[in-house]
Every structure is written in structure tokens, then in C-alpha cells.
Amino acid sequence: MSGRVLVGVKRVIDYAVKIRVKPDHSGVVTEGVKHSMNPFCEIAVEEAVKMKEKKLIKEVVAVSCGPQQVQETIRTALAMGADRGIHVEVSAKEYESLGPLQVSKILAALAKKEEAQLIILGKQAIDGDCNQTGQMTAALLDWPQGTFASEVTLEAGHVKVVREIDGGLETIKINTPAVLTADLRLNTPRYATLPNIMKAKKKKIANVKPADLGVELASKLQVLRVDEPPQREAGVKVESVDDLVGKLKEAGRI
Amino acid sequence: MLTCWASRHPCVPWAALRSRSTASLPDVPSQQPPAVSFAPLQTFSEEEGMMREAVQKYARDCIAPYVSKMDEESAMDPAVIKSLFDQGLMGIEIDPEYGGTGSTFFSSILVIEELAKVDASVAVLCDIQNTLINTLLSNLGTPQQKEQYLSRLSTDTVGSFCLSEAEAGSDAFALKTRAEKHKDYYVINGSKMWISNAEHAGVFLVMANVDPAAGYRGITCFMVDRDTEGMAIGKKENKLGLRASSTCPLNFDNVKVPEKNILGQVGHGYKYAIGMLNEGRIGIAAQMLGVAQGCFDHTIPYTQQRIQFGQRIFDFQGLQHQISHVATQIEAARLLTYNAARLKEAGRPFIKEACMAKYFTSEVATLTTSKCIEWMGGVGFTKDYPIEKYYRDCKIGTIYEGTTNIQLSTMAKYIDKEYDH
């Protein structure tokens, strides 16, 4: 096995920022807004770096798709311990319509090119909340998938994954190469220490175009409109169950 | 919104007007820098930007939860000190060869500012270590001394700078601590006061006089390890602010220090002290800047949420004018501080500017914190909100590492020289 792990990292609006919808309802305001690495991607990077520290794998490669700015996110992954980065260049215009399917195609192509043993992604991004990229990537590669991982044990030729599911925890054993997606409790990501930030400067980030990987970026989806969720109205207090039933009938709910 | 001023002025391109607050990294496509560029003062290298973000996150997650408790108990949590070392924040300019980060003075300034936004006491611990102790060792240490101390200072040992005494504050060179020479060692007798970090320090840089007859030209810098016999660390002061930072008197009773523990040359200690304090005061400026900004950052959201007379209190013109005035002062303080740091890094004269930065930012911190309490109203006056701590913490800014009056007198000397033809 190559001992190489590919980790996808996405640059998203920082979780603490108050999101605002653009006046033309075409999307959310991103200009001048603080961006950071998607929290689930941080967990994915941490897991890969821990595997390397335990000498279970040899190299961690951080990948991000997008315009120039995503290099910041790749650098953060490098500062956390990834060995090198790959920036898949996507113009700002194309980035607006870039979705899980195109990213999965890119990751699948890269995984083959890099002979990756594992792909670790965050379970979802906090902007799109799609929760599709990991699963699609596995399908395109015809690899097994261990999603919503809260515990990962890498052994020779396979991975044991404890998954967080609705009913509790499910433990599966899948062969490598495989795709894993990180859930919240998988680990606590380390802070990039200052010495590691300095070391990250020397690590390489390669530039790749989607066309070089044979991937078409055209999307079959089109965002028609983006709106804020409806404002929460004040509630009404009722005295009895009969009142409650009456009010619900009035509102046409039952 | 594109604004074209009078027809004489060309319309300014959109990118130049976009606000560049330090709180957020703008999402702009990177543009090719012009051939000769004079970047705004608030321009950071990629690594400086990453460090600032990393420290912001770390301070928010690892220090903020302890701040209140450390203030109440007047004690720094050892876990916090350890995490400062683990993050590489205690050896920012130290060479990686000695386990340090190998970064620049400006990075130290950014780190101190970010730490101070969360806790001024943690910031001062980091400031003293980086701008005083590490700098002195790096600049003056013999290879053996660097070998012995630098890797400890960057990984697990806190340092203390011991100059002041009960009778020697601003008049530092009136210090009375004596060092008597014997063969290959010195015997130190005397006491020091107001020594920061003393409770946790593993090494003390002690200024003592080897030849009182020579006045200040006898002052020499000795490196004294913590458990040296005869050295006693007194009870820490019960302070108004910076309570988590230990401030203790030290007593030296026939403390033997080997000759090889002299830092630099005998009788040159006064020079080193002045030199280091010139740089240290930029660090204090960064600390006061962080105190002002941190306090401000906690207060404005409150003014946006608090409704009185049917509107946000932020919307009252009276409040807006006060807030804008304070924001301007903070911006000016920031520019003074960053510029002083960049001047020093560029090897240009910076002492007058460093004094200005320290003097101005400490005054701005006092103004800001005081105003913030007022804007918060009653809750600003309670310990349930973090504002009152900033108010208490800022006061020492006009006092330590050179009082405001000393800064002003120093500046005057430079101004006098400038106009002296």
C-alpha cells in the first residue's frame, strides 16, 4: 500500500460569522467576510496527521478546489502536519456552481493519480451541508466508504470504522483503499503551533487544473434563489388542551 | 459605493475603498502588487497572518475559559502556561535550533496583541519572555549560555527580568543590589521589587552593581537559577489588575553566582537594560492595544442588542460619536505600534516612536475601557461581564516598563536633538 492519505479541505465562511443573504438573492455575502477551514475538514486533517504520527501511513496530502484564496486553507492543513498540498484551480465564476459531484470527480481522479490508500473528508461542509462528496467519491472509485466516523482503526488491508448513526453506533470493517468521512467526535483538531506555521512555509503546494484530471466542471444544477429562513414569530400561550386544539384548527394545522 | 470626490480628483478604484478591518480577512482575488508598493501599515506577510489567526483561535479556546478564575484567584493556571509553551508562543524569535519558532519581532507583537485581547496577564507573561528575556539571551549570550538557556526558555522555562527595587523605580540606576567579586564567582545581596512572572520563573536576569563607586557603570546582568541558595521569592502583591500575573519581591542573601553566568560584559548592564526596555515598550504597546481592542470588541455587540426608548442604544447619535472617537484612537494607537515595530525590524531609529506607541496606547486603553463600562451601563459595572477586568488591567499600562512621564521626557530629548542645529 502506498501509505498515502488524501485529505480534502474546504474554505468556508467562518462558523462564528453572521450570514447575510445578498440583496439580489443569488447567494450569501462572501466579500470581506472571514473565512476558515471547514470544521469537519479540520477533524479529517487531524485524523490523517495522527495516523502518520503513529506511523500507520507515510504521507498526508491536503487538497482543495477553488480560486487563489483556498491556498490559505491548504497552508493551514500544512501547518497542522500535512506533508504537501494540491490546489485544484477553479475560477471564481466556476466556483459559484461547483458542487459535490464535480469535487468527487476531481478527488477520484487525484486519488488514482496519487495512488492514495485512503481519502478522508469531513462529513459535510457547513456552507452547503450537502453530505454527499464522500459518498459520491467512493461510488466513482468503486471503493468502500466509512461515513460519519467517530472512531477509525487502520489495520493491514482494512479499516475498522465506528459510525454515528441514528440508532447509536455501528462498527464496520471495510477494505482499503477506502473513503472515510469525519464526524464531530472523531477527534479534537490541534491548533497550528507557531513553529509548525513556519515549517509549513517550506512545504510544497502543487497547482492542478480540473481539465488536466479530465474533469468537466459544468454543473447540471442551478441555484434559483437564496432566502433567509422566515423570522421566528412570537408564540401564544394557551390555558387548556381544548384551547390548544382549537387554535391549531384555526391555523389550519389539523 | 463608489465616491468621486471633487472633479479634480480621479475616482478611486473600488478595491482601494473597501474597508480593511483587522478583524476579518477580505475575500478579494489576489492582485499583482505594483512594482514599487507602499503597503498600508496593516499589511502582514502570509506567515504573520496565519500566526495571528492561530493565536486568536488558541486564545479563544484555551485561555478565555480560565480568565475569570485566574483573575479572582490572582493566580495563573499552570495548564495555561504549559499551553503557551506548547504553542511555541514563548520562543517566537528564538532560532529553531534551540527549539524556538524562528519568527520575527513583528510576529511577537501580533501574538502579544491577540493574547491581550483575551487576557492581559497572559499577554505580559508572553511579552516579558519574548521581548526582554529571549532577546537579551539571543543578543548577548555566549554560545554556552545560549545552549544552556535558550532551549529551556523556548520549551518550558519562564524567565523574569529583575531591575526595579523599592527605592529604584523610574530611577532604576539607583539600584542598591550589590554583587561582590570573589575568585570566579560573585556574591549577590539585596532585594528586588515588582518582579513579574516571579512565581513561575525558572531563571532570573538580575541587575546588580559590582562597583557602587562607579555608579550606574557598575551595573551588571547576572543569570540566576530559581533554586539558588539564598534567593527567596516573596509573597505576591495583591493588585488592582493583571492579577493573574505574579508580581513578587525577591530577596538575595549571599547568593553565589558563577562568573560564567554574567550576561554580556561587567558594568554594561545599564546599557542592556535601556536597550531592551526600548524594545519591550513596543511589546507593552501591543498589550495595551489588545486590552483596548478586546474590550471594545466585547462592548459594541452589546450596544447593538440593547434596546432603550425603542431603538438600539448604538443608534443614538451621542453614543455613535463617542464610539467613533474611541475607534479612531484605537486605530491611531495600532498604527503607532505597528510602525514602531516595523521601524525596529528595518534597523531604523525607533526609540522616539516606541515611546510614543507605549504612551499613546496606554492612554487609549484607559479611555477605551472607561468608556466601554459606561456604554454597557449597569452590567459593565459587574463582574459577570468581562468589561470591568479590562478597565482594571489597563491602568498598569501608564506605569510599568517606563511611566508615561518617563516616556514623555525621553521623547522630548529626541525632539530637542532633532531641532538642535
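A strand, as the word is used in this tour, is a DSSP run of E with at least two residues, and strands are numbered from the N terminus. With that in hand, select A:Phe148, which is found in strand 7 (residues 145-155) of chain A. The model on screen is a predicted one.

**Stop 1: backbone angles in chain A**

Stay on A:Phe148 and look at the backbone. Its phi is positive, about 55 degrees, although the residue is not a glycine. Most residues other than glycine have a negative phi, and most peptide bonds are trans.

Next select A:Lys55. Here too phi is positive, at about 65 degrees, and the residue is not a glycine. A:Lys55 sits in the loop that runs between helix 1 (39-53) and strand 4 (59-66) of chain A. Is A:Lys55 buried or exposed? Its relative accessible area is 73%, and exposed means over 50%, so A:Lys55 counts as exposed.

Now move to A:Thr176 and A:Pro177. The peptide bond from A:Thr176 to A:Pro177 is cis, with omega near 5 degrees. To find A:Pro177, go to the loop between strand 9 (168-175) and strand 10 (178-182) of chain A.

**Stop 2: A:Asn187**

Select A:Asn187, in the loop between strand 10 and helix 6 (194-200) of chain A. A:Asn187 counts as buried because its relative accessibility is 8%, and the cut-off for buried is under 20%.

Which residues is A:Asn187 in contact with, leaving aside its neighbours within four places in sequence? They are A:Ile43, A:Glu46, A:Glu47 and A:Lys50. Show the side chain of A:Asn187 and follow it to the backbone oxygen of A:Ile43, which it reaches at 3.0 Å. Then show the side chain of A:Glu47, which is joined to the side chain of A:Asn187 by a polar contact of 2.8 Å.

**Stop 3: an annotated domain and a loop in chain A**

Select residues 25-217 of chain A. UniProt, in an unreviewed entry, lists this range as "domain: Electron transfer flavoprotein alpha/beta-subunit N-terminal".

Then pick A:Leu224, in the loop between strand 11 (205-208) and helix 7 (241-250) of chain A. A:Leu224 is exposed, as its relative accessible area is 73%. Draw a distance from the C-alpha atom of A:Leu224 to that of A:Leu194: the separation is 44 Å, for residues that are 30 places apart along the chain.

**Stop 4: where the two chains touch**

Colour the chains separately and look at the boundary between them. On one side, 32 residues of chain B are in contact with 23 residues of chain A. About 2,200 Å² is buried between chain B and chain A, and carbon and sulfur atoms give 55% of that area.

How many salt bridges does the rule find across the interface of chain B and chain A? There are three. To see one of the salt bridges, select B:Glu47 and A:Lys201, where the closest N and O atoms are 2.3 Å apart. Six residue pairs are in polar contact between chain B and chain A.

Now select helix 2 (residues 46-73) of chain B, which gives the most to the side of chain B that touches chain A, with 13 residues. Sorted by class, that side of chain B has 14 nonpolar, nine polar and nine charged residues.

**Stop 5**

Go to helix 4 (residues 105-118) of chain B and select B:Glu114. B:Glu114 counts as buried, at 2% relative accessibility. Leaving aside neighbours within four places in sequence, B:Glu114 is in contact with B:Arg52, B:Val55, B:Gln56 and B:Ala59.

Next select B:Leu263, in strand 8 (residues 262-263) of chain B. The relative accessible area of B:Leu263 is 0%, so B:Leu263 is buried. Beyond its neighbours within four places in sequence, its contacts include B:Leu136, B:Leu140, B:Cys221, B:Met223 and B:Tyr272. B:Cys221 is 42 residues away from B:Leu263 in sequence, while their C-alpha atoms are 5.4 Å apart.

**Stop 6: two annotated domains in chain B**

Select residues 160-255 of chain B, listed by UniProt as "domain: Acyl-CoA oxidase/dehydrogenase middle" in an unreviewed entry. This stretch is 0% helix and 50% strand, with its end C-alpha atoms 17 Å apart.

Notes: Residues numbered from 1 in each chain as written. Chains lettered and ligands numbered in written order. Predicted model: local features only at pLDDT ≥ 70, side-chain atom pairs only at ≥ 80, totals over all residues. Heavy atoms only, no water. Contact = heavy atoms within 4.5 Å. Buried area = accessible area lost by both parts, 1.4 Å probe. Salt bridge = Lys/Arg side-chain N within 4 Å of Asp/Glu carboxyl O. Polar contact = N/O pair within 3.5 Å; in protein donor to acceptor, adjacent residues only side chain to side chain. Helix = DSSP H or I, 4+ residues; strand = E, 2+ residues; numbered from the N terminus. Nonpolar A, V, L, I, M, F, W, Y, C, P; charged D, E, K, R; others polar. Buried < 20%, exposed > 50% of the residue type's maximum accessible area, 1.4 Å probe, protein only. UniProt positions renumbered as here; feature names shortened; annotations may be inferred.
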